[in-house]
Amino acid sequence: MNPTQPPLPRITAVLFDVDNTLIPTRRIWQEALNAVAARLAGAHPGISASDIAASYVRVSDRLWGDYDRALAPLGSHTAARRHVWQTALGETGIDLRERQLDDYVEDFARWQIRAIRPDPAQDALFRRLAGVYQLGVITNGDTVHQHTKLHRAGLDGYFATVVCALGTGRRKPDPAPFRRACTDLAMRPEQCLYVGDEWDTDIIGARAAGMHPVWITPADTQPPPGAPPTTRFTHLTSCLAALCDHATHRPLSETDPT
C-alpha cells in the first residue's frame with residue numbers, strides 16, 4: 001500500500017454506485033449507441049452513423065447534465081430517454097413517427113441490458129464481502145432499469161438496500177440518498193464505505209453525508225486541487241479484493257497511489 005494512500009477505515013457496511021462502478025455502463029452504452037446509429041443511418045441515406053452518434057452524445061450530455069430543469073418535468077425515465085433521442089435526431093434532420101421513435105429508443109435500452117454479463121471473479125469477491133459487511137447500492141438511476149442491470153450482472157442478491165434517486169428530486173451529491181441507505185441498513189454514515197466513479201456526485205456526496213468515499217478511476221485522473229486525500233483504485237475488482245483483505249486483517253494489495 002502506498003504511504004500516501006489513506007487506509008481503509010473500520011466499517012460495517014459497503015455501498016456502491018451502479019453505472020461505471022458495478023456495471024461497465026460507459027463501454028456498453030457506446031457500443032449500443034454505435035449499433036442504433038448504424039441502423040438509423042441505414043434507413044436515412046445521406047446521414048452518417050457517426051453524425052447521429054455525435055449528435056446523441058452532445059444532446060445527452062446537455063439534457064442529462066441539466067436533468068432537474070430539462071428532463072425531470074417529463075415525469076418518467078422513459079419519457080426522458082425518448083425526449084433525448086427525439087432532440088438528437090431532430091438536430092441531424094431525422095424526423096420519426098412516434099412508433100418508429102419508440103422502436104429505436106427501446107432498441108437502445110435493450111441492447112445495453114443484453115450486453116451485461118456476470119463477472120465470475122467479482123461474484124466470488126461479493127460472496128466473501130456479503131459474509132462480513134452489509135452491502136447496498138445508491139444510484140441516481142431509475143428503479144426498473146437499475147434493478148434490471150443488477151439482475152443481469154448476477155449481483156442483485158447481495159444488496160440489502162438499493163436506493164434509486166432518479167425521480168425523487170434529491171439525487172447525488174445531495175446527502176438524502178446516502179442517508180436513506182443508512183436508514184435502510186440501520187447504520188450510521190461513519191460506519192459506511194461508499195464506492196463510486198464520479199467525483200462530483202459520488203465522492204463529494206458520500207463525504208457530505210458522513211460516509212467514507214472510495215474512488216474508482218483511471219490511474220492518471222487527478223482529483224480537484226485542494227481535495228482531501230481519497231482512497232482510490234483503478235478497477236472495481238482490486239477494490240473488492242482489498243476490502244476482502246481488510247475484513248480479514250490481511251495487508252491490503254493492488255491499491256493505487258493517490
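Ala186 is exposed, with a relative accessible area of 69%. Exposed here means over 50% relative accessible area, buried under 20%, and partly exposed in between (1.4 Å probe, protein chains only). Ala186 lies in the loop between α8 and β4 (192–196). Its phi is near 55 degrees, a positive value in a residue other than glycine. Helices (H or I, at least four residues) and strands (E, at least two) are DSSP runs, numbered from the N terminus.

The model is predicted, with local features requiring pLDDT of at least 70 and side-chain atom pairs pLDDT 80 or more, while totals for chains, interfaces and linings use all residues. Residues are numbered from 1 along each chain as its sequence is written, and side-chain values use heavy atoms, with hydrogens and water left out.

Backbone geometry was examined at two further sites. Most residues other than glycine have a negative phi, and most peptide bonds are trans. Asn20 has a positive phi of about 70 degrees, although it is not a glycine. This residue sits in the loop between β1 (13–16) and α1 (25–43). Asn20 is partly exposed, at 22% relative accessibility. The peptide bond from Lys172 to Pro173 is cis, with omega near 15 degrees. Pro173 belongs to the loop between β3 (161–164) and α8 (176–185).

The rings of Trp64 and Tyr67 are stacked, because their centres lie 5.9 Å apart and their planes meet at 5 degrees. Rings of Phe, Tyr and Trp (its six-membered ring) pair if their centres lie within 6.5 Å; planes under 30 degrees apart count as stacked, over 60 as edge-to-face and the rest as tilted. Trp64 is partly exposed, with a relative accessible area of 25%. Tyr67 is buried, at 9%. The charged end of Arg171 also sits over the ring of Tyr67, 4.4 Å from its centre. That description requires NZ of Lys or CZ of Arg within 6 Å of the ring centre and within 35 degrees of the ring normal. Elsewhere, ring pairs link Phe16, Phe126, Tyr158 and Phe159 into a cluster.

Trp85 and Phe108 form an edge-to-face pair, because their ring centres are 5.3 Å apart and their planes stand at 85 degrees. The pair links distant parts of the chain, 23 residues apart: Trp85 is in helix α4 (residues 77–91) and Phe108 in helix α5 (residues 98–114). Both Trp85 and Phe108 are buried.

The axes of α4 and α5 come within 10 Å and cross at roughly 110 degrees. Axes are lines fitted to C-alpha atoms, for helices over the stretch in contact, and angles run from 0 to 180 degrees between N-to-C directions. The two helices, α4 and α5, are therefore roughly perpendicular. The crossing of α4 past α5 is right-handed, with the near helix turned clockwise from the far one by less than a right angle. From α4, the contact is made by Arg81, Arg82, Trp85, Gln86 and Leu89. From α5, Glu98, Leu101, Asp102, Val105, Glu106, Phe108 and Ala109 take part. Contact means heavy atoms within 4.5 Å.

Thr87 is also found in helix α4. Not counting residues up to four places away in sequence, Thr87 touches Val59, Arg62 and Leu63. The C-alpha atoms of Thr87 and Ser55 are separated by 9.0 Å, with the two residues 32 apart along the chain.

Conventions
Parallel < 35°, antiparallel > 145°, perpendicular 65-115°, else oblique.
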